[in-house]
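Please look at the sequence and the structure before reading on.

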Amino acid sequence: MATEPLRVVLAKIGLDGHDRGIKVVARALRDAGMHVIYAGLWQTPEDVVRTVADEDADWLGVSLLSGAHMTLVPRLLQLLREANMPDVRVLVGGIIPEEDIPKLLQMGVARVFGPGTPLPEIVDFLKQSSGAAHA
Amino acid sequence: MLDELLAGLKKKDRRSLARLITLAARGEPILLGPSARQARVLAVTGSGGVGKSTLIGKLIEQFRALEKSVAVLACDPESPLTGGALLGDRFRMPAKPDDTGVYIRSLAARSGQQAVAEHLETIVRLCEQFGFEIILIETAGAGQGDTDVRNLADVVVLLLQPETGDDLQWEKAGLLEVADVIVVHKADLPGVEQAVAQIQGMVELSGRAVAVLPVSSKTGQGLAELARKLTELPLRTRSASDHTQLLQLLKAEVERRYRNIDRSGALATIVQGKATNEERVQAILEHLV
(Lines give C-alpha, C1' and ligand atoms only; values in the text may rest on other atoms or scores of the structure.)
Protein backbone atom coordinates (compact mmCIF):
# COMPACT_ATOMS: atom_id res chain seq x y z
CA MET A 1 0.00 0.00 0.00
CA ALA A 2 1.21 3.49 -0.85
CA THR A 3 2.00 5.98 1.90
CA GLU A 4 -1.05 7.42 3.60
CA PRO A 5 -1.42 11.16 4.04
CA LEU A 6 -0.92 12.49 7.57
CA ARG A 7 -4.08 13.83 9.18
CA VAL A 8 -3.38 17.12 10.94
CA VAL A 9 -5.92 19.13 12.93
CA LEU A 10 -5.12 22.84 13.13
CA ALA A 11 -6.99 25.05 15.57
CA LYS A 12 -6.87 28.37 17.34
CA ILE A 13 -7.53 27.97 21.04
CA GLY A 14 -8.44 30.90 23.22
CA LEU A 15 -9.89 34.24 22.39
CA ASP A 16 -7.49 35.94 19.98
CA GLY A 17 -8.72 36.35 16.41
CA HIS A 18 -5.42 36.23 14.55
CA ASP A 19 -5.66 33.34 12.13
CA ARG A 20 -3.37 34.47 9.33
CA GLY A 21 -0.40 32.44 10.56
CA ILE A 22 -2.27 29.19 11.05
CA LYS A 23 -3.88 29.52 7.62
CA VAL A 24 -0.47 29.92 5.99
CA VAL A 25 0.71 26.80 7.82
CA ALA A 26 -2.48 24.96 6.74
CA ARG A 27 -1.72 25.75 3.13
CA ALA A 28 1.92 24.63 3.40
CA LEU A 29 0.92 21.29 4.94
CA ARG A 30 -1.75 20.80 2.28
CA ASP A 31 0.80 21.48 -0.45
CA ALA A 32 3.09 18.92 1.19
CA GLY A 33 0.39 16.29 0.60
CA MET A 34 -1.16 16.18 4.06
CA HIS A 35 -4.83 16.20 4.95
CA VAL A 36 -5.38 19.29 7.04
CA ILE A 37 -8.55 19.62 9.09
CA TYR A 38 -9.02 23.27 9.91
CA ALA A 39 -11.08 23.68 13.07
CA GLY A 40 -11.01 27.46 13.13
CA LEU A 41 -11.06 30.25 15.70
CA TRP A 42 -12.13 30.50 19.36
CA GLN A 43 -11.87 26.82 20.15
CA THR A 44 -11.81 25.56 23.71
CA PRO A 45 -9.41 22.73 24.64
CA GLU A 46 -12.52 20.52 24.98
CA ASP A 47 -13.65 21.36 21.41
CA VAL A 48 -10.22 20.58 20.04
CA VAL A 49 -9.86 17.24 21.82
CA ARG A 50 -13.26 16.17 20.47
CA THR A 51 -12.19 17.17 16.95
CA VAL A 52 -8.90 15.28 17.20
CA ALA A 53 -10.69 12.16 18.45
CA ASP A 54 -13.46 12.18 15.85
CA GLU A 55 -11.10 13.00 12.99
CA ASP A 56 -8.62 10.28 14.05
CA ALA A 57 -5.79 12.79 13.64
CA ASP A 58 -2.08 12.02 13.86
CA TRP A 59 -1.09 15.56 14.80
CA LEU A 60 -2.64 18.59 16.44
CA GLY A 61 -1.31 22.08 15.80
CA VAL A 62 -2.60 24.92 17.98
CA SER A 63 -1.84 28.59 17.53
CA LEU A 64 -2.04 31.17 20.31
CA LEU A 65 -1.23 34.84 20.13
CA SER A 66 -3.11 35.79 23.26
CA GLY A 67 -0.52 34.95 25.91
CA ALA A 68 -2.80 32.32 27.43
CA HIS A 69 -0.60 29.39 26.36
CA MET A 70 0.59 28.50 29.87
CA THR A 71 -3.04 28.03 30.90
CA LEU A 72 -4.60 26.52 27.80
CA VAL A 73 -1.83 24.19 26.58
CA PRO A 74 -1.48 22.26 29.89
CA ARG A 75 -5.28 21.90 29.96
CA LEU A 76 -5.24 20.61 26.37
CA LEU A 77 -2.50 18.07 27.10
CA GLN A 78 -4.32 16.87 30.20
CA LEU A 79 -7.56 16.38 28.26
CA LEU A 80 -5.72 14.45 25.53
CA ARG A 81 -4.30 12.13 28.19
CA GLU A 82 -7.71 11.70 29.79
CA ALA A 83 -9.21 10.90 26.37
CA ASN A 84 -6.58 8.16 26.02
CA MET A 85 -4.90 9.62 22.93
CA PRO A 86 -1.20 9.27 23.73
CA ASP A 87 -0.28 8.83 20.04
CA VAL A 88 -1.46 12.28 19.03
CA ARG A 89 1.44 14.71 18.99
CA VAL A 90 1.02 18.41 19.64
CA LEU A 91 2.65 21.41 17.98
CA VAL A 92 2.32 24.94 19.31
CA GLY A 93 2.68 28.07 17.20
CA GLY A 94 2.18 31.78 17.67
CA ILE A 95 3.66 34.27 20.09
CA ILE A 96 5.40 32.23 22.78
CA PRO A 97 8.07 33.92 24.94
CA GLU A 98 11.48 32.22 24.77
CA GLU A 99 11.45 31.24 28.46
CA ASP A 100 8.13 29.38 28.12
CA ILE A 101 9.31 27.10 25.30
CA PRO A 102 11.28 24.63 27.49
CA LYS A 103 8.33 24.48 29.89
CA LEU A 104 5.92 23.57 27.09
CA LEU A 105 8.31 20.93 25.73
CA GLN A 106 8.68 19.55 29.26
CA MET A 107 4.89 19.18 29.46
CA GLY A 108 4.85 17.06 26.32
CA VAL A 109 4.54 19.46 23.39
CA ALA A 110 6.53 18.04 20.45
CA ARG A 111 7.77 21.38 19.13
CA VAL A 112 7.10 25.12 19.34
CA PHE A 113 7.28 27.14 16.12
CA GLY A 114 7.49 30.90 16.48
CA PRO A 115 6.95 33.69 13.95
CA GLY A 116 9.32 33.63 10.98
CA THR A 117 9.77 29.85 11.00
CA PRO A 118 10.44 28.77 7.40
CA LEU A 119 7.50 26.62 6.25
CA PRO A 120 9.71 23.73 5.01
CA GLU A 121 11.02 23.40 8.56
CA ILE A 122 7.51 22.62 9.84
CA VAL A 123 6.80 20.24 6.95
CA ASP A 124 10.11 18.40 7.43
CA PHE A 125 9.60 18.15 11.16
CA LEU A 126 6.16 16.57 10.71
CA LYS A 127 7.34 14.14 8.06
CA GLN A 128 10.49 13.10 9.90
CA SER A 129 8.78 12.61 13.24
CA SER A 130 5.94 10.63 11.70
CA GLY A 131 8.10 7.83 10.36
CA ALA A 132 8.12 6.14 6.99
CA ALA A 133 4.48 5.07 7.05
CA HIS A 134 3.27 8.52 6.10
CA ALA A 135 3.74 10.94 3.24
CA MET B 1 -6.92 -5.31 15.37
CA LEU B 2 -9.94 -5.06 13.09
CA ASP B 3 -11.96 -7.42 15.29
CA GLU B 4 -11.11 -5.34 18.32
CA LEU B 5 -12.27 -2.18 16.56
CA LEU B 6 -15.49 -3.80 15.39
CA ALA B 7 -16.17 -4.94 18.95
CA GLY B 8 -15.55 -1.33 20.03
CA LEU B 9 -18.01 -0.13 17.40
CA LYS B 10 -20.71 -2.38 18.87
CA LYS B 11 -20.03 -0.86 22.29
CA LYS B 12 -20.45 2.63 20.80
CA ASP B 13 -16.80 3.55 21.29
CA ARG B 14 -16.21 6.72 19.23
CA ARG B 15 -12.46 6.15 18.91
CA SER B 16 -13.13 2.76 17.31
CA LEU B 17 -15.54 4.40 14.88
CA ALA B 18 -12.98 7.10 14.02
CA ARG B 19 -10.24 4.53 13.47
CA LEU B 20 -12.45 2.26 11.35
CA ILE B 21 -13.39 5.21 9.13
CA THR B 22 -9.70 5.94 8.55
CA LEU B 23 -9.12 2.32 7.56
CA ALA B 24 -12.20 2.26 5.31
CA ALA B 25 -11.15 5.50 3.60
CA ARG B 26 -7.80 3.86 2.80
CA GLY B 27 -9.62 1.03 1.09
CA GLU B 28 -9.19 -1.65 3.75
CA PRO B 29 -11.96 -4.20 3.31
CA ILE B 30 -14.26 -4.16 6.33
CA LEU B 31 -16.98 -6.76 6.44
CA LEU B 32 -20.08 -5.57 8.24
CA GLY B 33 -23.11 -7.61 9.15
CA PRO B 34 -26.64 -6.26 8.71
CA SER B 35 -27.41 -3.26 10.87
CA ALA B 36 -30.02 -3.42 13.63
CA ARG B 37 -31.84 -0.53 12.01
CA GLN B 38 -31.61 1.54 8.91
CA ALA B 39 -30.16 5.02 9.20
CA ARG B 40 -31.60 7.89 7.20
CA VAL B 41 -28.90 8.93 4.73
CA LEU B 42 -29.15 12.51 3.46
CA ALA B 43 -26.78 14.01 0.90
CA VAL B 44 -26.28 17.76 0.55
CA THR B 45 -24.81 18.94 -2.73
CA GLY B 46 -24.34 22.21 -4.61
CA SER B 47 -21.60 24.53 -5.84
CA GLY B 48 -18.80 25.79 -3.62
CA GLY B 49 -19.88 28.77 -1.54
CA VAL B 50 -23.60 28.06 -1.71
CA GLY B 51 -23.64 27.29 2.03
CA LYS B 52 -23.59 23.49 2.34
CA SER B 53 -21.53 23.40 5.55
CA THR B 54 -23.43 26.28 7.13
CA LEU B 55 -26.80 24.67 6.37
CA ILE B 56 -25.60 21.31 7.71
CA GLY B 57 -24.53 23.10 10.90
CA LYS B 58 -28.08 24.43 11.23
CA LEU B 59 -29.63 21.07 10.37
CA ILE B 60 -27.58 19.41 13.14
CA GLU B 61 -29.30 21.75 15.62
CA GLN B 62 -32.72 20.99 14.14
CA PHE B 63 -32.22 17.22 14.25
CA ARG B 64 -30.84 17.37 17.78
CA ALA B 65 -33.96 19.28 18.82
CA LEU B 66 -35.94 16.33 17.41
CA GLU B 67 -33.69 14.06 19.53
CA LYS B 68 -32.11 12.36 16.53
CA SER B 69 -28.42 11.45 16.61
CA VAL B 70 -26.45 12.77 13.63
CA ALA B 71 -23.24 11.79 11.87
CA VAL B 72 -21.83 14.19 9.28
CA LEU B 73 -19.42 13.01 6.58
CA ALA B 74 -18.01 16.18 5.02
CA CYS B 75 -16.13 15.72 1.77
CA ASP B 76 -13.67 18.27 0.40
CA PRO B 77 -11.48 17.93 -2.68
CA GLU B 78 -8.00 16.48 -2.58
CA SER B 79 -5.28 18.00 -4.77
CA PRO B 80 -4.64 15.90 -7.88
CA LEU B 81 -1.04 17.14 -7.83
CA THR B 82 0.06 16.62 -4.23
CA GLY B 83 -2.68 14.45 -2.71
CA GLY B 84 -3.00 17.10 -0.02
CA ALA B 85 -6.31 18.53 1.14
CA LEU B 86 -7.58 21.36 3.27
CA LEU B 87 -10.69 20.06 4.98
CA GLY B 88 -12.50 23.11 6.21
CA ASP B 89 -16.12 22.10 6.62
CA ARG B 90 -16.46 21.33 10.31
CA PHE B 91 -15.24 24.83 11.03
CA ARG B 92 -18.73 26.01 10.02
CA MET B 93 -20.56 23.33 11.98
CA PRO B 94 -20.63 24.29 15.61
CA ALA B 95 -20.84 21.15 17.73
CA LYS B 96 -20.97 20.98 21.50
CA PRO B 97 -18.00 18.87 22.62
CA ASP B 98 -20.06 17.09 25.27
CA ASP B 99 -22.91 16.13 22.93
CA THR B 100 -22.29 12.48 22.06
CA GLY B 101 -25.24 12.53 19.65
CA VAL B 102 -23.20 14.32 17.01
CA TYR B 103 -20.20 13.00 15.09
CA ILE B 104 -18.48 15.09 12.41
CA ARG B 105 -15.82 13.63 10.15
CA SER B 106 -13.90 15.35 7.33
CA LEU B 107 -12.98 13.26 4.30
CA ALA B 108 -10.95 13.96 1.17
CA ALA B 109 -12.55 13.25 -2.19
CA ARG B 110 -10.15 12.25 -4.92
CA SER B 111 -10.15 15.27 -7.15
CA GLY B 112 -11.46 15.17 -10.67
CA GLN B 113 -13.31 11.90 -10.17
CA GLN B 114 -16.09 12.13 -7.68
CA ALA B 115 -17.71 14.65 -5.40
CA VAL B 116 -17.56 12.24 -2.47
CA ALA B 117 -14.76 10.30 -0.80
CA GLU B 118 -13.89 6.85 -2.03
CA HIS B 119 -15.37 3.97 -0.04
CA LEU B 120 -18.05 6.30 1.31
CA GLU B 121 -20.58 3.49 1.35
CA THR B 122 -18.54 1.50 3.89
CA ILE B 123 -18.10 4.66 5.95
CA VAL B 124 -21.86 5.30 5.92
CA ARG B 125 -22.51 1.71 7.03
CA LEU B 126 -20.00 2.10 9.87
CA CYS B 127 -21.90 5.14 11.16
CA GLU B 128 -25.16 3.22 10.78
CA GLN B 129 -23.82 0.27 12.78
CA PHE B 130 -22.63 2.62 15.48
CA GLY B 131 -26.25 3.67 15.82
CA PHE B 132 -26.48 7.11 14.25
CA GLU B 133 -30.04 7.77 13.15
CA ILE B 134 -29.30 10.41 10.55
CA ILE B 135 -26.21 10.45 8.33
CA LEU B 136 -25.54 13.69 6.47
CA ILE B 137 -23.15 13.55 3.53
CA GLU B 138 -21.69 16.83 2.32
CA THR B 139 -20.33 16.55 -1.21
CA ALA B 140 -17.20 18.37 -2.33
CA GLY B 141 -19.28 20.69 -4.45
CA ALA B 142 -19.52 20.49 -8.19
CA GLY B 143 -23.26 19.72 -8.35
CA GLN B 144 -22.75 17.95 -11.62
CA GLY B 145 -21.61 14.35 -11.77
CA ASP B 146 -22.86 13.65 -8.27
CA THR B 147 -24.68 10.55 -9.38
CA ASP B 148 -22.64 8.28 -7.09
CA VAL B 149 -24.07 9.94 -4.05
CA ARG B 150 -27.58 9.30 -5.35
CA ASN B 151 -27.00 5.54 -5.09
CA LEU B 152 -26.00 5.96 -1.49
CA ALA B 153 -28.45 8.51 -0.14
CA ASP B 154 -32.12 8.18 0.68
CA VAL B 155 -32.64 11.86 -0.05
CA VAL B 156 -30.48 14.19 -2.15
CA VAL B 157 -30.73 17.88 -1.25
CA LEU B 158 -29.51 20.31 -3.89
CA LEU B 159 -28.56 23.80 -2.78
CA LEU B 160 -28.95 26.73 -5.15
CA GLN B 161 -28.89 30.44 -4.45
CA PRO B 162 -30.42 33.57 -6.00
CA GLU B 163 -28.51 35.55 -8.63
CA THR B 164 -26.63 32.63 -10.12
CA GLY B 165 -27.40 33.18 -13.77
CA ASP B 166 -30.52 32.94 -15.89
CA ASP B 167 -33.00 30.07 -16.01
CA LEU B 168 -31.00 28.21 -18.64
CA GLN B 169 -28.43 27.57 -15.92
CA TRP B 170 -30.90 25.33 -14.09
CA GLU B 171 -31.59 23.35 -17.27
CA LYS B 172 -28.11 21.93 -17.47
CA ALA B 173 -28.18 18.18 -17.26
CA GLY B 174 -27.27 16.42 -14.08
CA LEU B 175 -28.04 19.26 -11.76
CA LEU B 176 -31.77 19.19 -11.09
CA GLU B 177 -32.32 15.59 -12.03
CA VAL B 178 -30.47 14.10 -9.07
CA ALA B 179 -32.30 16.17 -6.46
CA ASP B 180 -35.20 15.06 -4.25
CA VAL B 181 -35.37 18.39 -2.45
CA ILE B 182 -34.15 21.71 -3.81
CA VAL B 183 -33.21 24.39 -1.31
CA VAL B 184 -32.91 27.96 -2.53
CA HIS B 185 -30.40 28.97 0.09
CA LYS B 186 -29.57 32.51 1.28
CA ALA B 187 -33.27 33.32 1.03
CA ASP B 188 -32.56 36.57 2.86
CA LEU B 189 -30.94 37.90 -0.34
CA PRO B 190 -32.86 39.78 -3.03
CA GLY B 191 -34.08 37.81 -6.03
CA VAL B 192 -35.15 34.76 -4.07
CA GLU B 193 -38.81 34.79 -5.19
CA GLN B 194 -37.76 34.87 -8.83
CA ALA B 195 -35.28 32.02 -8.34
CA VAL B 196 -37.87 29.87 -6.55
CA ALA B 197 -40.43 30.53 -9.31
CA GLN B 198 -37.96 29.67 -12.08
CA ILE B 199 -36.80 26.47 -10.39
CA GLN B 200 -40.36 25.43 -9.64
CA GLY B 201 -41.14 25.88 -13.33
CA MET B 202 -38.25 23.64 -14.32
CA VAL B 203 -39.24 21.00 -11.81
CA GLU B 204 -42.84 20.97 -13.03
CA LEU B 205 -41.65 20.46 -16.60
CA SER B 206 -39.59 17.45 -15.54
CA GLY B 207 -42.67 15.86 -13.95
CA ARG B 208 -40.76 14.73 -10.85
CA ALA B 209 -42.06 15.37 -7.37
CA VAL B 210 -39.38 17.64 -6.00
CA ALA B 211 -39.96 20.14 -3.19
CA VAL B 212 -38.49 23.61 -3.69
CA LEU B 213 -37.90 25.41 -0.39
CA PRO B 214 -36.46 28.86 0.27
CA VAL B 215 -34.19 28.66 3.33
CA SER B 216 -31.97 31.17 5.10
CA SER B 217 -29.37 29.89 7.54
CA LYS B 218 -28.83 33.51 8.56
CA THR B 219 -32.39 34.31 9.63
CA GLY B 220 -33.54 30.74 10.27
CA GLN B 221 -36.31 31.00 7.67
CA GLY B 222 -37.47 27.60 6.40
CA LEU B 223 -35.03 25.57 8.52
CA ALA B 224 -37.61 23.77 10.65
CA GLU B 225 -39.73 22.99 7.60
CA LEU B 226 -36.70 21.60 5.75
CA ALA B 227 -35.66 19.43 8.72
CA ARG B 228 -39.20 18.07 9.03
CA LYS B 229 -39.37 17.33 5.31
CA LEU B 230 -36.03 15.51 5.44
CA THR B 231 -37.15 13.28 8.29
CA GLU B 232 -40.46 12.49 6.57
CA LEU B 233 -39.41 11.57 3.03
CA PRO B 234 -39.49 7.80 2.50
CA LEU B 235 -36.28 5.81 2.84
CA ARG B 236 -35.02 4.10 -0.24
CA THR B 237 -35.42 0.37 0.11
CA ARG B 238 -32.14 -1.45 0.23
CA SER B 239 -33.40 -4.81 -0.84
CA ALA B 240 -30.98 -7.33 -2.25
CA SER B 241 -33.47 -8.15 -4.99
CA ASP B 242 -33.09 -4.74 -6.59
CA HIS B 243 -31.01 -5.88 -9.55
CA THR B 244 -30.57 -2.46 -11.09
CA GLN B 245 -29.05 -1.11 -7.94
CA LEU B 246 -26.99 -4.24 -7.37
CA LEU B 247 -25.59 -4.06 -10.87
CA GLN B 248 -24.79 -0.42 -10.46
CA LEU B 249 -22.98 -1.10 -7.20
CA LEU B 250 -21.16 -4.05 -8.73
CA LYS B 251 -20.04 -1.94 -11.65
CA ALA B 252 -18.81 0.79 -9.34
CA GLU B 253 -16.98 -1.72 -7.17
CA VAL B 254 -15.27 -3.42 -10.13
CA GLU B 255 -14.29 -0.02 -11.49
CA ARG B 256 -12.91 1.04 -8.15
CA ARG B 257 -10.84 -2.12 -7.71
CA TYR B 258 -9.60 -1.85 -11.27
CA ARG B 259 -8.47 1.73 -10.63
CA ASN B 260 -6.72 0.60 -7.46
CA ILE B 261 -4.65 -2.06 -9.22
CA ASP B 262 -3.96 0.36 -12.04
CA ARG B 263 -2.78 2.98 -9.58
CA SER B 264 -0.61 0.49 -7.70
CA GLY B 265 1.12 -0.46 -10.96
CA ALA B 266 0.08 -4.11 -10.71
CA LEU B 267 -1.99 -4.00 -13.88
CA ALA B 268 0.96 -4.47 -16.23
CA THR B 269 1.97 -7.69 -14.47
CA ILE B 270 -1.57 -9.05 -14.52
CA VAL B 271 -2.09 -8.59 -18.26
CA GLN B 272 1.43 -9.63 -19.15
CA GLY B 273 1.50 -12.17 -21.96
CA LYS B 274 -2.22 -11.81 -22.71
CA ALA B 275 -2.61 -11.20 -26.43
CA THR B 276 -6.28 -10.26 -26.77
CA ASN B 277 -8.51 -7.92 -24.79
CA GLU B 278 -10.76 -10.86 -23.90
CA GLU B 279 -7.82 -12.66 -22.29
CA ARG B 280 -6.82 -9.49 -20.47
CA VAL B 281 -10.35 -9.06 -19.11
CA GLN B 282 -10.35 -12.68 -17.88
CA ALA B 283 -6.98 -12.20 -16.17
CA ILE B 284 -8.11 -8.98 -14.48
CA LEU B 285 -11.40 -10.53 -13.35
CA GLU B 286 -9.55 -13.49 -11.85
CA HIS B 287 -7.33 -11.07 -10.00
CA LEU B 288 -10.26 -8.95 -8.79
CA VAL B 289 -12.36 -11.75 -7.30
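Predicted model: local features only at pLDDT ≥ 70, side-chain atom pairs only at ≥ 80, totals over all residues.

Which residue of strand 2 of chain A does A:Ile13 stand opposite? The residue is A:Gln43.

**Chain A as a whole**

- Chain A contains five helices and five strands.
- Along the sequence, these elements of chain A follow the pattern β-α-β-α-β-α-β-α-β-α.
- Chain A has a radius of gyration of 14 Å, close to the 14 Å that the globule rule gives for 135 residues, so chain A is as compact as a globular protein of that length.
- Taken along the principal axes, the box filled by the C-alpha atoms of chain A is roughly 40 × 35 × 25 Å.

- Six strands form an open sheet with parallel pairing, in the order 5(A)-4(A)-3(A)-1(A)-2(A)-3(B).
- The edge strands are strand 5 (111–113) of chain A and strand 3 of chain B, each of which pairs on one side only.
- On average, neighbouring strands of this sheet are turned by 25° against each other, with direction ignored.
- Within the sheet, strand 1 (residues 7–13) of chain A pairs with strand 2 of chain A in the parallel sense, over six bridges.
- Helix 1 (residues 20–31) of chain A packs on the sheet and touches strand 1, strand 2, strand 3 (59–64) and strand 4 (89–94) of chain A, together with strand 3 of chain B.
- The direction of helix 1 of chain A makes about 175° with that of strand 1 of chain A.
- Strand 2 (residues 35–43) of chain A and strand 3 of chain B also pair in the parallel sense, over three bridges.
- A:His35 has B:Ala85 as its bridge partner in strand 3 of chain B.

**The sheet of chain B**

- Chain B has an open sheet of seven strands with parallel pairing, in the order 4-2-5-1-6-7-8.
- Strand 4 and strand 8 (211–214) of chain B are at the edges with a single partner strand each, so one side of each is left without a neighbour in the sheet.
- Neighbouring strands here are turned by 20° against each other on average, direction ignored.
- Strand 1 (residues 40–45) of chain B runs parallel to strand 5 (residues 134–138) of chain B, and five bridges join them.
- B:Val41 stands opposite B:Ile135 in strand 5 of chain B.

**Where the two chains meet**

- Chain B gives 23 residues to the contact, and chain A gives 23 residues.
- On the side of chain B that touches chain A, the elements giving two or more residues are helix 2, strand 3 (85–87) and strand 4 (102–109) of chain B.
- Helix 2 of chain B gives the most to this side, with six residues.
- By class, this side of chain B has 10 nonpolar, seven polar and six charged residues.
- Helix 2 (residues 45–55) of chain A and helix 2 of chain B have axes that come within 7 Å and cross at roughly 50°; these two helices are therefore oblique to each other.
- A:Ala53, A:Asp54 and A:Glu55 of helix 2 of chain A make this contact with B:Arg14, B:Arg15 and B:Ala18 of helix 2 of chain B.
- The residues of this helix contact are two nonpolar, no polar and four charged.

**Helix packing inside chain B**

- Helix 2 (residues 14–25) of chain B packs against helix 4 (residues 120–130) of chain B at an angle of about 160°, with the axes 9 Å apart.
- That angle makes helix 2 of chain B roughly antiparallel to helix 4 of chain B, and their crossing is right-handed.
- Helix 2 of chain B contributes B:Leu17, B:Leu20, B:Ile21, B:Ala24 and B:Ala25 to the contact, while helix 4 of chain B contributes B:Thr122, B:Ile123, B:Leu126 and B:Phe130.
- The residues of this contact divide into eight nonpolar, one polar and no charged.
- Helix 3 (residues 52–65) of chain B and helix 8 (residues 223–232) of chain B have axes that come within 10 Å and cross at roughly 70°; helix 3 and helix 8 of chain B are therefore roughly perpendicular to each other.
- The crossing of helix 3 and helix 8 of chain B is right-handed.
- In helix 3 of chain B, B:Lys58, B:Leu59, B:Gln62 and B:Phe63 meet B:Leu223, B:Ala224 and B:Ala227 in helix 8 of chain B.
- The contact of helix 3 with helix 8 of chain B has five nonpolar, one polar and one charged residue.

Conventions. Residues numbered from 1 in each chain as written. Chains lettered and ligands numbered in written order. Axes fitted to C-alpha atoms, helices over the stretch in contact; angles between N-to-C directions. Helix = DSSP H or I, 4+ residues; strand = E, 2+ residues; numbered from the N terminus. Parallel < 35°, antiparallel > 145°, perpendicular 65-115°, else oblique. Left-handed = near helix turned anticlockwise from the far one by under 90°. Contact = placed C-beta atoms within 7 Å. Nonpolar A, V, L, I, M, F, W, Y, C, P; charged D, E, K, R; others polar. Pairing = 2+ DSSP bridges. Rg over C-alpha atoms; globule rule 2.2 N^0.38 Å.
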